[in-house]
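Here's a quick briefing to read with the model open beside you. Take a look at the structure first, then work through the notes by topic.

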Amino acid sequence: MENMTLEKPFIVVEGLDGTGKSTVTELVAERIGGMRVATPMEPHASIRPEYKEVTFSPRDSFDFYLDSVRFASKQVAITCQVMSVVCDRYVASTYAYHTGMGLDQEYAMQKLQMEEFLCLQLVSF
């Protein structure tokens, strides 16, 4: 998937809880005529509350969220062939949150390097 060329932009907004990511992603998607998504998306979103109650392990939580981002990557790649996608959280948030929870950074980086995600170009405003 890393060599896949997207026909339309994939825009990601990363940040902490309560910083306005949802509002910004909704406004940007509306403005450009794109689709707004958030990770985790279904089927992960509906089982997240149950999952959060049964695991306190940063590693297990990281693996769950990483799986949700992997799934989202595949869906976004398909959608970006016909329309732009604006995403509320992606790989960087998954890494930052879980290493902040105590996940070993080396483990996290090894897992990220083994996975196939859409390649992002960093643009800051």
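Is Met-35 buried, exposed or partly exposed? Met-35 is partly exposed, with a relative accessible area of 35%; for the cut-offs, buried means under 20% relative accessible area, exposed means over 50%, and partly exposed is in between (1.4 Å probe, protein chains only). Keep in mind that this is a predicted model: local features need pLDDT of at least 70, side-chain atom pairs count only at pLDDT 80 or more, and totals for chains, interfaces and linings use all residues. Residues are numbered from 1 along each chain as its sequence is written, and side-chain values use heavy atoms, with hydrogens and water left out.

**The overall picture**

- The protein chain has five helices and three strands, where helices (H or I, at least four residues) and strands (E, at least two) are DSSP runs numbered from the N terminus.
- Reading from the N terminus, the order is β-α-β-α-α-β-α-α.
- Of the 125 residues in the protein chain, 34% are buried.
- Take the contacts (heavy atoms within 4.5 Å) between residues at least 6 apart in sequence: 79% of them join residues at least 24 apart.

**Around Met-35**

- Met-35 belongs to strand β2.
- Leaving aside residues up to four places away in sequence, Met-35 touches Ala-29, Thr-79, Met-83, Ser-84, Val-85 and Val-86.
- Ser-84 sits 49 residues from Met-35 along the chain, yet their C-alpha atoms are separated by 6.3 Å.

- Thr-39 and Pro-40 are joined by a cis peptide bond, with omega about 0°, and Pro-40 lies in the loop between β2 (35–38) and α2 (44–54).
- A cis peptide bond also joins Glu-42 and Pro-43, with omega about 10°; Pro-43 is in the loop between β2 and α2.
- Arg-89 isn't a glycine, but its phi is positive, near 80°.
- You'll find Arg-89 in the loop between β3 (85–88) and α4 (91–100), and it is buried at 17% relative accessible area.

**Aromatic pairs and a charge over a ring**

- The structure holds three aromatic pairs; rings of Phe, Tyr and Trp (its six-membered ring) pair if their centres lie within 6.5 Å, and planes under 30 degrees apart count as stacked, over 60 as edge-to-face and the rest as tilted.
- One of them is Phe-62 with Tyr-107: the ring centres are 6.4 Å apart and the planes are at 65°, so this pair is edge-to-face.
- Phe-62 is in helix α3 (residues 58–79) and Tyr-107 in helix α5 (residues 105–114), so the pair ties together parts that are 45 residues apart in sequence.
- Phe-62 and Tyr-107 are both buried.
- Phe-64 and Tyr-65 make another edge-to-face pair, 5.3 Å centre to centre with 90° between the planes; Phe-64 is buried at 10% relative accessible area, and Tyr-65 is buried at 14%.
- The charged end of Arg-59 sits over the ring of Tyr-107, 3.7 Å from its centre; to count, NZ of Lys or CZ of Arg has to be within 6 Å of the ring centre and within 35 degrees of the ring normal.

**Helix α4**

- The buried residues of α4 are Val-91, Ser-93, Thr-94, His-98 and Thr-99.
- Their cover includes α3 and α5.
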